[in-house]
Amino acid sequence: MSLSGTDQSVAPKRRERGVRKLVHLCKLMIVGSRLPLTRTPADAGLAYEDVVFHAVDGVELHGWFIPAGPDPAPTVVWVHGWLWNRMGNVSGRVPFPDRDVDFLPSTKALHEAGFHVLTFDLANHGESGERRPLTFGPWEARDFVGAVTYLRSRSDVIAHRLGAIGMSAGGNTVLYGAPEAQPLKALLIVQPTKLTVFNDNFARDQLGRFGSIVAKSMDLAYWLLRAPLPSRQNPAIPARRAGEATVQYVQGVGDPWGTVAVVEDISAATPHSLGVIRYPSPPGRYEGYRYVMDDPDAVVGFFRRYL
């Protein structure tokens with residue numbers, strides 16, 4: 001059963017074309033859209049706590065803490081992707097091809113392996129507070145650092161044994177936040193991207209021959225908003241300061257918007273990278289995210305070894 005089938009209010013977007021689609025996509029890139037929560041850890045039989053904490057700039061963040069038990073334990077933080085929420089993605093709400101992405105299989109596997117898990121909504125997503133515009137990493141890093149700071153305040157968390165799973169823009173977020181969140185032990189980064197490459201590929205795929213012009217114009221919008229320019233973003237730069245964290249990268253080979261080459265460049269800049277797993281996904285960006293759904297044993301195995 002698809003995740004979107006769990007909530008009848010989640011309906012596919014109408015097919016959009018031309019200027020209507022252009023305006024909608026630009027709004028999603030800059031402002032975002034809040035995906036409602038349609039499931040909880042209880043759907044996988046997991047007890048959890050509703051938690052509220054703050055990003056380092058004060059934005060209120062909402063999440064769930066899923067304890068492995070009452071004793072202090074290592075903890076893994078989920079950081080979701082663009083337009084998702086703390087449980088992943090429910091398909092059919094955006095004007096481009098997407099798929100369900102479910103964090104519950106790996107969350108349950110991590111719980112059963114003895115790890116606490118924190119999953120939370122980034123600013124402008126789910127139930128968390130507002131910070132505009134979306135920057136796909138640089139400003140969202142404040143949320144990740146806030147999550148790590150919150151975990152270190154808990155007596156049931158082993159403060160020096162923290163790891164993270166970053167998905168897509170959430171992967172960029174972890175990399176941008178890692179230098180200020182040290183020490184971190186283990187990071188699993190799934191399909192991070194260099195924003196200029198992603199924007200160009202995405203815009204050409206969705207808008208045709210004028211897509212590249214639209215992608216390049218995003219710098220002007222961000223300059224007017226006094227936000228980090230997309231053209232100057234490169235997660236390989238903060239990756240150089242990932243400290244002693246062991247980092248495993250994953251990239252789907254069928255991704256039309258991201259590239260293995262970009263992820264390999266980020267990996268090469270990371271001091272303790274295990275390299276890039278070339279996940280044998282069929283065509284589609286969202287197919288590459290299935291790594292965390294289809295192979296929870298690999299996810300758990302990574303953190304067992306390095307966290």
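The mean positions of the 33 positive and 30 negative charges of the chain sit 7 Å apart. For this count, Lys and Arg are positive and Asp and Glu negative, with His and the chain ends not counted; each charge is placed at NZ of Lys, CZ of Arg, CG of Asp or CD of Glu.

Some ground rules come next. This is a predicted model, in which local features need pLDDT of at least 70 and side-chain atom pairs count only at pLDDT 80 or more, while totals for chains, interfaces and linings use all residues. Residues are numbered from 1 along each chain as its sequence is written, and side-chain values use heavy atoms, with hydrogens and water left out.

As for confidence, the chain has a mean pLDDT of 94, and 94% of its residues reach 70 or more; pLDDT is the predictor's confidence in each residue, from 0 to 100. Contact here means heavy atoms within 4.5 Å. Where pLDDT is low, the predicted coordinates should not be read in detail.

On to the overall fold. The chain has eleven helices and ten strands, taken as DSSP runs (H or I, at least four residues, for helices; E, at least two, for strands) and numbered from the N terminus. Its radius of gyration is 18 Å, close to the 19 Å that the globule rule gives for 307 residues, so the chain is as compact as a globular protein of that length. That radius is taken over C-alpha atoms, and the rule is 2.2 Å times the number of residues to the power 0.38. Along the principal axes, the C-alpha trace spans about 55 × 45 × 40 Å.

The accessible surface comes to about 12,700 Å², with 52% of it belonging to carbon and sulfur atoms; areas come from the Shrake-Rupley method with a 1.4 Å probe, and for residues only the protein chains shown count as cover. Among contacts with a separation of 6 or more, 76% join residues 24 or more positions apart.

Helix 8 (residues 260–269) gives a closer look at the packing. Its buried residues include Val260, Val262, Val263, Ile266, Ser267 and Ala269. The buried residues of this helix pack against helix 4 (169–177), helix 5 (195–207), helix 7 (236–239), strand 9 (246–252) and strand 10 (273–279). Over in helix 2 (residues 104–112) lies Ser106, which is buried at 0% relative accessibility. Leaving aside residues up to four places away in sequence, Ser106 touches Trp78, Val292, Pro296 and Val299.

The loop between strand 6 (116–120) and helix 3 (141–152) holds Pro133, and the peptide bond from Arg132 to Pro133 is cis, with omega near 0°. Asn124 is found in the loop between strand 6 and helix 3; it is not a glycine, yet its phi is positive, at about 70°. Asn124 is buried, at 4% relative accessibility. Phe136, also in the loop between strand 6 and helix 3, has a positive phi of about 60° although it is not a glycine, and Phe136 counts as buried at 8% relative accessibility. Elsewhere, the peptide bond from Gln182 to Pro183 is cis, with omega near 0°, and Pro183 is found in the loop between helix 4 and strand 8 (186–190).

Notes. Buried means under 20% relative accessible area, exposed over 50%, partly exposed in between (1.4 Å probe, protein chains only).
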